[in-house]
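Please examine the sequence and the three-dimensional structure shown below.

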Amino acid sequence: MTRFVEFTVYGKPLSMNHAYPTNRSGRRHLSATAKAYKDNIGWEAKSAMRGQKYFTEAIIEIHFFFADQRTDTNNCIKLVIDAMQKIVYPNDGKNIIEEHYYRHIDKLNPRMEIKVSQRIS
């Protein structure tokens with residue numbers, strides 16, 4: 001038996017390359033665009049999780065739908081995983097036991113379709 005939650009985040013998946021620009025002093029910081037992006041993922045996750053407990057042994061499946069081939073899927077993953085921490089699972093380093101990522105092209109409707117599940121004994 002499996003418990004799961006699914007949700008979709010519309011818009012272009014954001015890359016880490018664009019999330020942490022370097023300021024004048026040479027330090028990197030989370031951009032306003034990246035903060036809004038993470039907040040959007042968080043709100044969608046909260047809506048999907050309504051009334052459910054944390055996933056303690058989470059299996060993550062994310063389908064990235066990009067407008068073109070240029071974006072590197074690997075650079076998008078960390079922002080999504082971090083945005084769901086403390087909403088879907090308590091700690092991404094300890095509670096995610098399996099990860100699956102898929103890349104698709106949809107020029108008209110870029111988005112992410114996210115499924116988090118856990119096997120129940």
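This is a predicted model: local features need pLDDT of at least 70, side-chain atom pairs count only at pLDDT 80 or more; totals for chains, interfaces and linings use all residues.

Residues are numbered from 1 along each chain as its sequence is written, and side-chain values use heavy atoms, with hydrogens and water left out.

A nonpolar core is a set of buried Ala, Val, Leu, Ile, Met, Phe, Trp, Tyr and Cys residues joined through side-chain atoms within 4.5 Å. Buried means under 20% relative accessible area, exposed over 50%, and partly exposed in between (1.4 Å probe, protein chains only). The largest nonpolar core has 30 residues, and those touching the most other members include Ile 60, Val 80 and Met 84. Among the elements that give two or more residues to this core are strand S2 (58-66) and helix H3 (74-84); helices (H or I, at least four residues) and strands (E, at least two) are DSSP runs, numbered from the N terminus. H3 gives the most, with seven residues.

Contact means heavy atoms within 4.5 Å. Leaving aside neighbours within four places in sequence, Ile 60 has contacts that include Ile 81, Met 84 and Val 116.

Ser 31 lies in the loop between helix H1 (16-19) and H2. Ser 31 counts as buried because its relative accessibility is 11%. Beyond neighbours within four places in sequence, Ser 31 is in contact with His 18, Ala 19 and Pro 21. Ser 47, in helix H2, is partly exposed because its relative accessible area is 38%.
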